[in-house]
Amino acid sequence: GDIALTLGNINDVGLIEIYETVLNRAKSMSIDANTNDPDTNNALILAAGYLNDLYTLLGHEAYADAANPTISIDDEGSAATVNTSRFSFEGQVASSLDEELALLRGRSSGLGTGVTVGPAYNRLYWNYTRGINSGEAIYALNYNIKEKVGSSTANGVIDASDAQRMFPQGHGDAYGHYLTALTGYYKLLTNRNFSWPTRPETVTVLGQPVTVDYFDERKFAAAAGNVARTAQQIIALTWRQQYKDDPASGWTHFRDKNPTTSSQGVDEWVSRSTQGSLYHWAVANSLLPVVDNVNTGIQKIDRTTVPEIAELATMAAAFQTTMDSANARLNPLGLSPGAIAFDIAPAKILIDILEGGGASHYQQIAERALTALNNAAGAFNQAAVMTGALRNQENSLDEYNTGLVEQERAYRNELIDLYGRPYSGEIGAG
């Protein structure tokens, strides 16, 4: 909801709330009041673009969290990675696959925990669930939960309140964040008094006008592409989760058992994702001319300068391919049940039969499997290195901020030693 735009709220309230309030207030004074002014519309798009940037950051964080299975801990001042089958939200979800899906799409409303209660809503809760073996320790170590010196949650115990301070919206739901990144734009586009100005703006820098383009059309198309890309990953994981290697199983297992509340089956996800990509593609095209043959540089804004539009059409085709593959009873790898790889070297088999020292069918496939496994291990280790580097940076920043707070407290205590405390009548206004 809207907040009071006061100086105190600059430090106490998040940027999302501030820009939401600015956008809503500006709408109420312009397009909601039957006014259609190009300069005002530019300002409205700017506010919606800032909200798009902030929600896209949250979506990127959740998407990267889902894609990174590494578990990091602090080891003598540096970050180390533990190879384990344990996962951070063990206890809240049944498996690491369920965790990855929750980080991508949020929790299902059928789990008993409400998805309409803030601040977590359908995202994963901070995993302080008081279970001896429920992943709480893994969660606290992996997300580097700490107390902040001087904060309201600093009580000598690292608990869920500290985790909420660090991750105030809970964890996950990349799809929802990306979708919300588009909401500000659609709030404007669905208003009859709003016209989208397809042109750059002029801002004043030290008294001089400078032409800039905030690439709002590209931001819209890129946010729509993020929604489709996340949906593609969700569909692949849901297909893997719901797949049954039985031709007689029909199609019902690819549908949600309770579609009135969550609609989380492969069928529902392909339907909504394809339809959403079509809508976003149509809207993005409607904002832009086909070709601008007059302007150049950042002033040239047309469908050729927004390459993300083509990605939406590609994603829609990929969704159809996924549905066709599932309908053809292929497994999530795209292979028929019981399929055997035959793209092998016949000469090696012949040498193995006649002379020995060649490579049989099994040996060739085993070598390829080993190569693929080594590639996966390399990617895993690289992800661990990058995660460790980010964690070390986070630890350094936390130590620096803690040092500043403690130094400030030491100066304050020293002043009290020198001058004493003020009388009660000398504290407060006046």
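A nonpolar core is a set of buried Ala, Val, Leu, Ile, Met, Phe, Trp, Tyr and Cys residues joined through side-chain atoms within 4.5 Å. Buried means under 20% relative accessible area, with a 1.4 Å probe and protein chains only.

This is a predicted model; local features need pLDDT of at least 70, side-chain atom pairs count only at pLDDT 80 or more, and totals for chains, interfaces and linings use all residues. Numbering runs from 1 along each chain as its sequence is written, and side-chain values use heavy atoms, without hydrogens or water.

Confidence next. Mean pLDDT, the predictor's confidence in each residue from 0 to 100, is 85 for the protein chain. Of its residues, 94% reach 70 or more. Where pLDDT is low, predicted coordinates should not be read in detail.

Now the core. The largest one has 66 residues. Leu23, Phe89, Tyr139, Ile145, Leu188, Phe194 and Phe319 have the most contacts inside it. Helix 8 (216-242) is among the contributing elements. Its share is the largest, 11 residues. Helices here are DSSP runs of H or I, at least four residues; strands are E, at least two.

Take Phe319. Which residues is Phe319 in contact with, leaving aside neighbours within four places in sequence? Ala228, Ala231, Gln232, Ile235, Val270, Ser273, Thr274 and Ser277. Contact means heavy atoms within 4.5 Å.

Terms used
Buried means under 20% relative accessible area, exposed over 50%, partly exposed in between (1.4 Å probe, protein chains only).
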